[in-house]
Amino acid sequence: MAASNTRDLLLEIGVEEMPALYMPAILDDLKERARTRLAEARLDYAGMDVIGTPRRLVLKVESLSEQQPEARIENRGPKKAAAFDAEGKPTRAAEGFARSQGLAVGDLEIKDSDGTEYLYAIKTVPGQAAEIVLESLLPELILALPFPKSMRWAYYPVRFGRPIRWLVALFGSSVVSFEIAGVASGRTSMSHRFLGAGTVSIPEPGAYRELMRENYVIVDHRERETMIWQQIQGEAARAGGFVAENEELLTEINFLVEYPTAFTGTFSPSYLDVPVEVLTTSMIENQRYFPVFDGSGKLLPNFISVRNGLAEYMENVIAGNERVLRARLEDALFFWKEDTKKPLEAMNEGLERVMFHARLGNLKDKVERMRVLAVKLGQMSGFSDPVKLDRAAELCKADLLSSMVYEFPELQGIMGRYYARKSGEDPEVAEALMELYMPRSTGAEIPATETGCLLALAEKFDNLTGFFAVGMRPSGAQDPYALRRNAFGIIGILSQMPVNMDLSDIIGSAYASFGANSHLEDLDSCREAIIDFIMQRLRGQLIEQGYGFDVVDAVLAVSRNDIKDIITRIQVLQDARGGEVLEDLMVAYNRANNLSKKWDDTAVRPELFADPAEGDLYAKLLAVAEKSEELLQRRDYAAVLKSLASMRPEADTFFEAVMVMVDDVQVRANRLGLLKQIAQLFRKVAEFSILVNG
C-alpha cells in the first residue's frame, strides 16, 4: 500500500532505434527489475507500467512513497556460550562483534534462534528521501538491463542495447539527477524523429503520454499494436480480402514505428503463377508486409504495410514499396522458371559438392544414408511402400540446389514438393519432400502421409545419431544443429504413428548406415546417450501436459525404448490415481517390495511352504503372471493393473499368517523369493515405489 505522501515517477531512456526483436523481452525485464529494486529500497507504490517504442524505454510508477520507512536491522553474532566466559565477562568474540557493529557490548541483545541463544546487534536505520534513493537506483536499474547483444559508443565504458541519447527522470515535477555516458537526466524528451517539435519538455509524469501523442509518438506499445491491427484489417477489407493473423510480424512492425499509418500496395497478378509460399515469404520475411487473401484463401495481388508517420504523400510511399517488392517478385519468378526447366532429380547432381559436416560427409552421403534408413524403418513398421520411401529419400535434398531455396532457405522442402509435382513424381513422394521437415516446432503438425512420417524420422535419427556419434552433443544453451528440435520431432511422430517402434533398433540401424567411419564413437554409448536425450525431452513435455512427475518417472524407470508405449502406460497410470484398483495394487506391491528390495534370488520351492497362505499366494501369482503376460502383449495396461490389484486379498492373508524373516534360512529365502517375484511382476508395468501416495 502506498504511503500518504506520494508522487508519480517517470523514467524514459531515449536510445537510437532498438532492434524490434529485443523490445518485448527488455520491457518485461525492466518491469521485473524495477519491482525488485523498489522493494529492496523499501519504497511502496500503487502501480507500475512499462511501455516503449523503438526509440524509448519508459517506466511509469504511480504514487511512489516520498520517504523510506525506518528499517529495523538485526545482525546475528556469536553464540551466547562463546560470547561470555564462566564469570559472565565478555569474550573477545563478543567484543569484536560489538566493535564491528559500532556498539558497546552492553548494547547487544540476546535472542533465541532455533533453541540456541545468540548475541544480536539491533539497529534502527532511518529512512531516506525517495529522491536521494532514486539518484543511485535509477542508473543502476538502467545499466543492469540485459540485451542479446550490447554495444559501446564513443569512449564510454557503458554497454547498452543501443547508444543512450537522452534521459527523462521525474519524481513528481522534480528532476531526479544522475548521468550515464555523458547524458544527464532531465525533463526533455524527443518527439518523433521526423515529425513534432523536436524536443518536448515534460512538466510532470501525468502529462507525458499526451504531450508525446501531440508530437506524433504513441508511447504505449499495446495501444500502438491495437491501432496497427485495426488499420491493417480496415485496409484489407477495402482491398476485398483479409489478412491472416501473424503475431510475430505484428510485434516486429509495432516496434519499428512510433506513429503508425497502414497502407495498401499492389503487384502484377502475373506473379501469382509463382507458388504462394514464395510470394508470402518474400513479403513477410524480406519486406515485413502482410499478404492479403480473398474469402477462399487465395492470395490477392495486394500487400499491406505500415508507415512510421502520417498519411501525407502516401502515394509516394506506396510507389516506393511497390517498386521494391516488384524487384523481389521478379527475382522469384525468374528463379521459378529457371528451376522448373529441369526435373528435380537433375538437381541431385550437385549434392556431393555441398558439405553436410566434415566428420559426416557431404549431402550425397547423407541422402544415401537416409535411403537405407528410410527403407529399414518401413520394414520395421510395415508402414509405407519401400519404392516410394526410397524415391522420396533419393530426392529429399535436391531442392537445396535450387535457385529459389538458395535465395529463400526457409522454403526448403516446400519447393521440393512443387518441383516434384512439376517433374511428375508420385503425389505421396512429392508430399513427403515437404513433410521431411515436420513437425517444425514442438506440438506442431506432423506428416500426414506414411512416406512423410518415415522420411522425417530417417532425417531426424540420422542427425541425432551422426552428431552424437562424433561427440557433438548439445550442452547448456548451445545446440547449433537443432538436435533438441529433432528429438521433439521424433517424439511427436512416434507418439502418433499407428504402430509401435523400438528406439534402440532404430538408432542401431541409423548407426549402421554410416558404415566405416573412423570418427564415430561405439554404438552402445552413443545409443544410450541418444535415448537419454530423447527421454529427457519426453519427460519434460509430459509433465508440461499435466501428468504427475512421479507417474512419468515410474514408467520411465522400466520403459525407455518405445515412446508410444510409454505414453500409453503413463495415461493409464494417471487415470488410475485415486481409484480403488491402484490403492489395492499399491498395498500388495509395497508390502512385497519393502521386504524383498535387498533380496536378489527369485527361486521358490513349493515343498518348503509351511502355511496354506504361502501356497495360495504363489498360486495367485502364477495365475496373475500368466494373465498379465497376455495383457502386456496387447498393451492393455488398464486390465494389467486390475489383474495385479487382484492379488491384494491373498497378499493380506499371507502377511497376517506368515512371518517372513524367520530363523530358518531356507524358509526365509523361499518366502523372500516369492515376494521378489511379485515385485518383479509389478515392475513390468512401472516402478511403483516412485509413486507419491499411490
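1. The model is predicted, and the count of cavities of 30 Å³ or more comes to one. The largest cavity has a volume of about 30 Å³. Its lining consists of Arg209, Arg213, Val217, Ile218, Val219, Asp220 and Glu223. By class, three residues of the lining of the largest cavity are nonpolar, none is polar and four are charged.

2. Open space. The largest pocket holds about 610 Å³ of space. A total of 21 residues line the largest pocket, and those nearest its centre are Gln412, Tyr437, Glu459, Asn463 and Arg485. The lining of the largest pocket divides into eleven nonpolar, three polar and seven charged residues.

3. Helices around the pocket. Which helix gives the most to the lining of the largest pocket? Helix 10 (363-381), helix 15 (450-469) and helix 16 (483-496) each contribute at least two residues to this lining. Of the helices, helix 15 gives the most, with four residues.

4. A cis peptide bond. Most peptide bonds are trans. The bond from Met438 to Pro439, however, is cis, and its omega is near -10 degrees. Pro439 is placed in the loop that runs between helix 14 (427-435) and helix 15.

5. A positive phi. Most residues other than glycine have a negative phi. Ala154 is not a glycine, yet its phi is positive, at about 50 degrees. Ala154 belongs to the loop between helix 4 (130-143) and strand 7 (164-171).

6. Helix 6 against helix 7. Helix 6 (residues 221-238) and helix 7 (residues 247-254) pack with their axes 10 Å apart, at an angle of about 115 degrees. Their crossing is right-handed. On the side of helix 6, the contact is made by His221, Arg224, Glu225, Ile228 and Trp229, which meet Leu250, Thr251, Ile253 and Asn254 in helix 7. The residues of this contact comprise four nonpolar, three polar and two charged.

7. Helix 19 against helix 20. How are these two helices set relative to each other? The axes of helix 19 (residues 549-556) and helix 20 (residues 563-576) come within 9 Å and cross at roughly 135 degrees. Angles from 65 to 115 degrees count as roughly perpendicular and those over 145 as roughly antiparallel, with the remainder between them oblique; helix 19 and helix 20 are therefore oblique to each other. Helix 19 passes helix 20 in a right-handed crossing.

8. Residues joining helix 19 and helix 20. From helix 19, Val551, Val552, Ala554, Val555 and Leu556 meet Ile566, Arg569, Ile570, Leu573 and Gln574 of helix 20. By class, the residues of this contact are eight nonpolar, one polar and one charged.

Notes:
Residues are numbered from 1 along each chain as its sequence is written. This is a predicted model: local features need pLDDT of at least 70, side-chain atom pairs count only at pLDDT 80 or more; totals for chains, interfaces and linings use all residues. Side-chain values use heavy atoms; hydrogens and water are left out. Axes are lines fitted to C-alpha atoms, for helices over the stretch in contact, and angles run from 0 to 180 degrees between N-to-C directions. Angles under 35 degrees count as roughly parallel, over 145 as roughly antiparallel, 65 to 115 as roughly perpendicular and the rest as oblique. A crossing is left-handed if the near helix is turned anticlockwise from the far one by less than a right angle, and right-handed if clockwise. Contact means heavy atoms within 4.5 Å. Ala, Val, Leu, Ile, Met, Phe, Trp, Tyr, Cys and Pro count as nonpolar, Asp, Glu, Lys and Arg as charged, and the others, Gly among them, as polar. On a 1 Å grid over the protein atoms alone, a cavity is a set of points where a 1.4 Å probe fits but cannot get out, and a pocket is an open set with protein on both sides within 12 Å along at least five of seven lines; lining residues have an atom within 4 Å of a point. Grid points are joined across faces, edges and corners, and a volume is the space filled by probe spheres set on the points.
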